[in-house]
Amino acid sequence: MAKRAVISILIISLLLLAVPSAIIFHIDPFFHYHAPLDGYYYSRNENIERYTNDGVARHFEFDSLITGISISAGFSISEFNSLFDTDAEKIIYSGGTYKETGEGISRALKTNPDMKVVLCSLFLDKLYQEKDHRRPDIADIPTYLYNDLIFDDIKYLFNKDVLFNYCYPMITGRYKDGAAGGVESLDTEGYIGRDEEISYFDPDKVFADREPVNEEICQEPLSEEDAANVRANISQNVIQAARQYPNTRFIYFVPPCSILHYSDLYESGKLLKTLQAEEIAIDMLLDCDNIEVYSFNDRKDIIEDLKNYSDPIHYGGWIYSFILESIDKGEGRLTRDNAGEFLENEKEYLMGYDY
Amino acid sequence: MLFNSYIFIFAFLPAAVIGYYLLAKVNRLLPEVYLLLMSLCFYGYFNPAYLLIICGSIVGNYLISGILSRKQDKLILVLGIVANTAVIFYFKYFNFIKETINGIFHLDLMITDIVLPLGISFFTFQQISFLVDSYKGECKDYSFVEYALFVSFFPQLIAGPIVLHRETIPQFRDPLRKKVDFDNIYSGIVLFTLGLAKKVILADTFARCVTWAFDGNVDTLTSPEIFIIMLSYTFQIYFDFSAYSDMACGIGRIFNIAIPMNFNSPYKSYSIPEFWGRWHMTLGRFLKEYIYIPLGGSRKGQARTYRNIMLIFLVSGIWHGANWTFILWGILHGVANCLTRVFRKQYDRMHMAFQWFITFAYVSILWLLFRADSIRQWVRLLLRMFKMETFTVRKEIIDSFSLPERGFVFDLFHLRGLAGKIPFICPLLFFAFAFVVCLNHRNSVEKKFHANVLTTVFTALLLAYAVISVGGVSVFIYFNF
């Protein structure tokens, strides 16, 4: 009796587990197995971008990629497409690291080897992080969705959160509410228009509230270990893909964050090392023929005007448009000829700024 | 590796069980060696570097016990205990001591990044008890593999119970226990399933609102919120520990190894001493056998008895963690124990419901101390809770009790309207269920689960439900870019 009962428990529970697995496999709300099905509405909201990004990279049809951390989120896909004559997709890793963006680019290129353009942010103060660094503090990263192993897919298939919070609303949406199918568009997701009701910085208030940085703060230089991290980070997460796909145009841009961001870096004593890391990274990137690097940190009119920003880092939609238009015109591009002088001027400006 | 992980349930445990019984058909030693290696894999899964510590500890203690078995040298025993204590002290308390010295003397001793090896408190106490018993000549001629398996046997390795060699090693040696016993396997699976369900459905749900509160929201908690958090933590720690004990005993049964009961419905207690007879029973046994009784126990007058009680509760507090909160928690439990003894007659005259209420309230208030980041934070929380100034409860706390299946279940039973009218319905149901489980049910480990259709179907359903509850979708919280 006991032997039969043990076998029964195992068989019944496996059969029961097969039901949610089949539903999840069929609907596949995170696109892990296939492209979206007709009839269901798939959400791609930013709370679950870590879950959907890899599936989008592998199963969506596109020929160009807009990626990076949150400072890439506001690019309008349609604006990008019209400027670069592409059919692009957007995959954002808010708060992410080079490991994540590099991994996303590689996974996308693996299934789309003929990609035309990859546009990605080059966020300076993350350059000296370890090459495999992720952010465990912001969420559990679902790495089981980022590999081709089938064994760890049980974390996806035997998951009641996926079943009830994602599949169930999709099923009721389709069969009960009669909602139209499709995939949430990220075209202008994160794009903030000038007319939108959002509390932008009021420069007068910001500077009134902010204590001026009177004292001279000792700036920590880039250590040998940090420099090695920059090289490893750029090598593994940026250059490797560019070398592997020489026909793809890789565009990396230094985001024009506000002067307040550099003030924060200065106050933390990390501004110097950040700029030194930038020098190493840009030097390495300029060695690759298919990588273009852009920086707008000479545009004081932008970075000192706090009305362009919603916080020290994130800018309004018109800045995204400005970045795309500049890249399209080749403005702000760093080359072997101008990079040295540009970085020297940048260092002089940001290190000498009266914060 | 955690019991409530997919890799444990679907890969490790089946591999361990099948390999153990297959090798048991070959000879006596192989299954023990296999189980030892699997236990070390289990331990090293998170951080292989931990293996050096546990292996070093096992080898060192085995050598010392060998010397003690041949020669009853008190100095060697003391050295052995000091060495074990020093290891645990370094990993668990070194930074705490430095922080305390820095705070008192305004120094700047560097706080080094020391990763606490999992279960070090458990396997260290287990080995100290072994050294003491070796000194007393109570340890038989155990082989190294038997000893190493006794220390590292994976069901008890990272969260107890603290087992004794005399109750475990003879079971490893017994050839009859190396034969497949489906009655035990059945009983073990049922117990493991109950434990898994308690962990992933109850403990983890209560944990969500506690985590939310202590993750940056402590200073804004209102009176009822603090009460909810305190009660939630009371149940979180209960179901966590109860679940782990059930799972450990269940896995033990699958291997035909009886693991001692560690947890016996402690919230049914009518007094603090009774609570400690039911909560973490093997720790209590260790402290009693190896500290309280050697110090004279209750045989040398009342003053010495109270001193000894306070001492074991102080050790218990220190053992639980490196923070003043744990030390005060231990002391306050010791004080309650002593007071109950002093006023035993008056206490016994109180109505049982009142006794239960006092015990439960005292335990809960001290659990809040156990969870607090500092004593100051605990005091502030208590003051705010009793002041009753604001009576709002935020949505985040209510929502933390909403399981993913909530929408489906409400749709199924047409309860959406009710949920709208009673927003507290999920927390209320959870607390009601928790009280019923804690107060109205016999401890799972005590139960004998005989194979029958109802239990089989119920276990299969619960196992499947618990398995799909193991994982989740970690909604990305975007902050600090």
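In chain A, strands β6 (residues 249–254) and β7 run parallel and are joined by five bridges. Strands here are DSSP runs of E with at least two residues, helices are runs of H or I with at least four, and numbering starts at the N terminus. Two strands count as paired if DSSP finds at least two bridges between them. Keep in mind that this is a predicted model, where local features need pLDDT of at least 70 and side-chain atom pairs count only at pLDDT 80 or more, while totals for chains, interfaces and linings use all residues. Residues are numbered from 1 along each chain as its sequence is written, chains are lettered from A, and ligands are numbered from 1, in the order in which they are written.

Back to β7(A): A:Tyr294 is the bridge partner of A:Phe253. On the β8 side, two bridges link β7(A) to β8 (residues 333–334) of chain A, and this pair runs antiparallel. There, A:Val293 has A:Leu334 as its bridge partner.

How many of the residues of β7(A) are buried? Five of five, across residues 291–295. Buried means 20 or more other C-beta atoms within 10 Å of the residue's own, exposed means 12 or fewer, and partly exposed is in between, with C-beta atoms placed from the backbone. One side of β7(A) has A:Ile291, A:Val293 and A:Ser295, the other has A:Glu292 and A:Tyr294, and all of these are buried.

These strands belong to an open, six-stranded sheet with mixed pairing, in the order β3-β2-β4-β6-β7-β8 of chain A. β3 (88–92) and β8 of chain A are the edges, each with a single partner strand, so one side of each has no neighbour in the sheet.

Here are the strand pairs side by side.

| Strand pair (chain A) | Bridges | Direction |
|---|---|---|
| β6 and β7 | five bridges | parallel |
| β7 and β8 | two bridges | antiparallel |
| β2 (residues 64–68) and β4 (residues 117–121) | four bridges | parallel |

Now for the contact between the chains, which takes 37 residues from chain A and 32 residues from chain B. Residues are in contact if their C-beta atoms, placed from the backbone, lie within 7 Å. On the chain A side, α1(A) gives the most, with 11 residues. By class, that side has 21 nonpolar, eight polar and eight charged residues. Ala, Val, Leu, Ile, Met, Phe, Trp, Tyr, Cys and Pro count as nonpolar, Asp, Glu, Lys and Arg as charged, and the others, Gly among them, as polar.

α1 (residues 2–27) of chain A and α22 (residues 453–468) of chain B have axes that come within 8 Å and cross at roughly 40°. Axes are lines fitted to C-alpha atoms, for helices over the stretch in contact, with angles from 0 to 180 degrees between N-to-C directions. The two helices are therefore oblique to each other; angles under 35 degrees count as roughly parallel, over 145 as roughly antiparallel, 65 to 115 as roughly perpendicular and the rest as oblique. Among the residues that meet are A:Ile9, A:Ile12 and A:Leu16 from α1(A) and B:Val457, B:Leu461 and B:Ala464 from α22(B). This contact of α1(A) with α22(B) has 13 nonpolar, four polar and no charged residues.

Finally, B:Ile101 sits in helix α4 (residues 74–105) of chain B. B:Ile101 counts as exposed because it has 12 C-beta neighbours inside 10 Å.

Methods:
Two residues are in contact if their C-beta atoms, placed from the backbone, lie within 7 Å.
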